[in-house]
Structure formats: C-alpha cells, structure tokens
Amino acid sequence: KNAGHCMHLVLRKTIAAGFMAILFCIAGCTGNNNSIADNHAPGKYHAIYGNAVDLYRHGHTFIANRFLDYAFATLAPLTPIAQYLQYTFREWVHFDNRRFDSANLYADSALHTLQQSGITSQYPDDYIHALLEKGHVLMALQQNELAYDYYLNARDFAEENAHTRNVHELSYDIGMTLYRQGRYADAANSFKTGFAEARILLNSEGLMQSWANPIDRMQEMLANTGLCYTKTKQFDSALYYYNKALAFIDSHIKHIQSAAFADAARGVIYGNMGTTYLQMGDSSKARELYHQSIALNVKPGGDRTDALKNAIKLSAINLDDKEVAYVKQLLDQTHLNGSANLRPDIERDYAHLMSLYYDKNGNGTLANLHYRHYIHLRDSIVNATQVKNNTDIRNYLAYKEQQHRIELLERDNRVGRILNFAVLVFCFLVN
C-alpha cells in the first residue's frame, strides 16, 4: 500500500513537472527571440509574468504560482526586474485574497527592489505599477492620505520621464481617491483625463494583452464621471456620460473581458441612471431603469450587491408589497440576510425601507423597531468613518514626520561630508 502511494506521488509530481514545462515553453514563445537562458532579455520575464496573471485570473491559482516559480527558477540567477515581478505577483495574489498586511510587505519589497537597483528609469512602467500597487494596498488598509501620496508620486514620475503607458491608471486611482473624499468635481476631471489618456494609448499601441487591456477601465471611467455629476446634481452631464459609457460598451463589446462583465457594467450604469432620474423627479423613468439594472445583475456573473441596492431603491418609490417581498427574496438568495457580509450601507437602507413599509401598512411596532435599527446603523457608519479619518490623518502625519527626520538626517550628512572635505583641503594647504 505504501509503495503504491509513493508511486502515485511520483506520478503526480512527474505529470506536474511536465505540465509546468509545457506551460513554460508556451510562455517562452510569447517573448522575444532571445534564448530562454538569456538573463538580459527582460521581455521574457514580463511574458512569464503575464502568463501567470492570465492563469490566475482564469481560476488556476495553484498552477499560476508554481508556473511563475518554476519558470523564473530556470533563469537563475535572477535580475532585479525578475525579483520585482515575483514580489509584485505575490502582492497582487495576497491583495486579491484580502490579506492586506501581507500584500503591504510584498508591495514594499517590490518598490525597494526597483529603487535600490537603480532601474526605475529603465523600467518606468514597472515602477509606476509598483507605486500604484502600494497605493491600492494603503487604500485597502484605510490609509487614504498616504495612498494619495503614492498616486501623486507615480504621476510625477510619469511626467518627469515623459511616459504615458500607465498614466490613465494613475488618473483613475486619483479619481477614486478624490471621490471617496467627496471631492466629486475634481474626481470627474480626473476620470475624464484618464479616459483621454487611455484613448491616446490605444491609438498609439493598439490593444495589448488581456491583463493590460484598458477597455474595461475606460468604460468604468466614463460611468464614474457620470456618477460624480449625479453627486453634484448636474443631471444633464451625468446622463450624457452614462449614455456615453453604454455606447462605449456596445462599440467595444469584442474587447470586454466577458459578456457577463459587460452586462454587469450595464446594470450598474442603469441603476445610477435610475437614481439620477429619481432625483430629477421622474419616478416612472427611474422605476424602468431600476428594473433593467436588477434584471442584468441578478444573472450569474452579475453584481448581486448592486442588484440588491437598486431593488431597495425601487421598492422605496411606492412601497409596493410585491417589490418589498422581492427585496427580501434577494437577501435570502444571496445569503446576506442577517449576515456579517452584508454591506453596512445596504443593511442601513434595508432597515429604513422596512420602517417606511410597516409604517405605511399601519404596523407601528415593527415600523419603530426597524427605524431604531436604521438609526443605529446610520450612526455606526458615521462614527466608523470619523474613526477611519482620524486614524488616516494620524498615520499621514506620522509618515510626514518620519520623512522630515530622514530629510534632516540626509542634510546633516551632506553638511558633515562638506566639512570633512574642507578640513582635508585646509590640512593639505597648510602642509
């Protein structure tokens, strides 16, 4: 039995090694024509990284990790750019699995590798990407001000190096930061700038690998611009950009990552349009758009949380029995009813909906119960936001203080070197 088990393990390892070798050969074909063992062929490293990302995005997590390790091991000793790509892949995987502390360590290692090896100007795309990823991790850790610094550093570096490939991503990230800060007009300008930059990239280089394709981001930036205008109550501008985003999806449908993704994006846009029309006082058009949005996002691959959010808004228009019952059904279907996974703002809005519904139907006891729950959730969200903002400010000030001390130390070192040099010159002249 033990011998059979050992043979089974050997067979599995042999098959795995053979499979990895096949994948590695495929990756080799995607690079340039240099030898696979040529450590001066950085395009080969990026091809391997791109294949690993594609494998991971298609759900092959284990194979993606082993493939990257195996492929890079055959190219040892690794160059700094290869070490950076290993770190940034690990950071991305940890981030995707919401292990933000670990992702933060890998993001630091990736940045350190590029900076210490002095190759930031040689690989501007990668350095910009490293700064962006560090910003993403800090945003996830709710350190918004620090994240904003990294985004701005990335933009400054891109401008200093006259580099444009990833500039649209910088504009997107800055726009998202500004949106979260409630600076909607500035965020809209950043999203519009990002879309224009991505358009320039497409015109100059065409469509790239699936993992670097800017099409998905471009439709999102158009839709986000519309959302910013909804927030500032510039409704005509909002509807213009929502319709522009829908038209962009239709005209680039072949390059969107999947049909389900395109439908989910449309569903989100229809929901935001419904909210815009509701604020304009056209509840009939709002109901129509909410129905379209929900129908798209309850399908497999849709954004079910967005469907639930819009179902609550739809139900709140007339407090119709069937629509309120449908909200409850959606909650049950997505296993979110009473679950810790329910987004606090959606739970708050659902509690408010039910308080209005029971009040309309003359059940004061249940209306009061849900209203108390709504007030509790509303205040909890406000308090949590204040705590986050205070923590964010403290972390930002601590970071700035640390930077100031480093600058003072560097200045003192420079002054010391100058004085030492002056003393040596003086001694030489005296002698």
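Does Lys233 count as buried or exposed, and at what relative accessibility?

1. The model under review is predicted. Lys233 has a relative accessibility of 57% and therefore counts as exposed, since the cut-off for that class is over 50%. The residue sits in the loop that joins helix 10 (215–231) to helix 11 (235–251).

2. The backbone of Lys233 deserves a remark: its phi is near 60°, a positive value in a residue other than glycine. Most residues other than glycine have a negative phi.

3. Gln142 also has a positive phi, near 65°, and is likewise a residue other than glycine. Its place is the loop between helix 6 (124–140) and helix 7 (144–160). With a relative accessibility of 44%, Gln142 is classed as partly exposed, because this value falls between the limits of 20% and 50%.

4. Gln219 belongs to helix 10. Its relative accessibility is 5%, so Gln219 counts as buried, the limit for that class being under 20%.

5. Which backbone atom lies 3.2 Å from a polar atom of the Gln219 side chain? It is the backbone oxygen of Asp216.

6. Leaving aside residues up to four places away in sequence, Gln219 touches Ala245, Phe248 and Ile249, as well as Phe261, Ala265 and Ile269.

Key. Residues are numbered from 1 along each chain as its sequence is written. This is a predicted model: local features need pLDDT of at least 70, side-chain atom pairs count only at pLDDT 80 or more; totals for chains, interfaces and linings use all residues. Side-chain values use heavy atoms; hydrogens and water are left out. Helices (H or I, at least four residues) and strands (E, at least two) are DSSP runs, numbered from the N terminus. Buried means under 20% relative accessible area, exposed over 50%, partly exposed in between (1.4 Å probe, protein chains only). A polar contact is a pair of N or O atoms within 3.5 Å; within protein, one must be able to donate a hydrogen and the other to accept it, and residues adjacent in sequence count only if both atoms are side-chain atoms. Contact means heavy atoms within 4.5 Å.
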